[in-house]
Amino acid sequence: MITDEQRREVADELRRLTDGCHNIGVLDSEILDVLGVGCADIPDLSNAYDVDVLADLIDRPIYRPVIPNAMEGYVFCPQCGAEIGEYGVPNYCHSCGVAISMNGKRNSRKGM
């Protein structure tokens with residue numbers, strides 16, 4: 001999972017690329033390198049897995065919490081498995097930082 005710190009680092013690197021380049025622009029290859037987007041085997045195509053990572057960098061995924069037994073009330077993070085609440089669902093996991101919502105995805109990419 002991409003952390004907020006990683007998002008800030010990428011944003012800082014992108015801003016550094018623009019230093020002194022506002023009149024001429026920035027090379028696309030440098031931008032893609034900072035974003036971690038590699039080229040696929042076919043010319044003019046980007047690696048789809050890298051584009052998925054880029055999408056997660058831009059839009060933090062929101063996941064549905066794991067509630068094994070509603071009567072017991074314990075709530076767990078679907079990403080890291082940490083207990084995140086009892087009889088209530090927080091907005092974020094205190095352990096890994098993933099966004100939590102009852103309207104989020106049913107399962108994370110890790111298959112939890």
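At 39% relative accessibility, Asp 12 counts as partly exposed, a class between buried (under 20% relative accessible area) and exposed (over 50%), taken with a 1.4 Å probe on protein chains only. The model is predicted, with local features needing pLDDT of at least 70 and side-chain atom pairs counting only at pLDDT 80 or more, while totals for chains, interfaces and linings use all residues. Residues are numbered from 1 along each chain as its sequence is written, and side-chain values use heavy atoms, without hydrogens and water.

The side chain of Asp 12 meets that of Arg 15 in a salt bridge, at 3.6 Å from N to O. The term stands for a side-chain nitrogen of Lys or Arg within 4 Å of a carboxyl oxygen of Asp or Glu. The structure holds one salt bridge. Its two residues, Asp 12 and Arg 15, both lie in helix α1, three residues apart, or about one turn of the helix. Helices here are DSSP runs (H or I, at least four residues), strands are runs of E (at least two), and both are numbered from the N terminus.

| Residue | Relative accessible area | Class |
|---|---|---|
| Asp 12 | 39% | partly exposed |
| Arg 15 | 53% | exposed |
| Asp 56 | 17% | buried |
| Cys 77 | 1% | buried |

Helix α1 (residues 4-17) also packs against another helix. The axes of α1 and α2 (residues 28-35) come within 9 Å and cross at roughly 165°; they are lines fitted to C-alpha atoms over the stretch in contact, with angles from 0 to 180 degrees between N-to-C directions. The two helices are therefore roughly antiparallel, the class for angles over 145 degrees. From α1, Val 10, Glu 13, Leu 14 and Leu 17 make the contact, and from α2, Glu 30, Ile 31, Val 34 and Leu 35; contact means heavy atoms within 4.5 Å. Six of these residues are nonpolar, none is polar and two are charged.

Elsewhere, Cys 77 sits in the loop between β2 (74-76) and β3 (83-86). Leaving aside residues up to four places away in sequence, Cys 77 touches Ala 82, Ile 84, Cys 93, Cys 96 and Val 98.

Asp 56 belongs to helix α3 (residues 48-58). The C-alpha atoms of Asp 56 and Val 66, ten residues apart along the chain, are separated by 21 Å.

Note on methods:
Parallel < 35°, antiparallel > 145°, perpendicular 65-115°, else oblique. Nonpolar A, V, L, I, M, F, W, Y, C, P; charged D, E, K, R; others polar.
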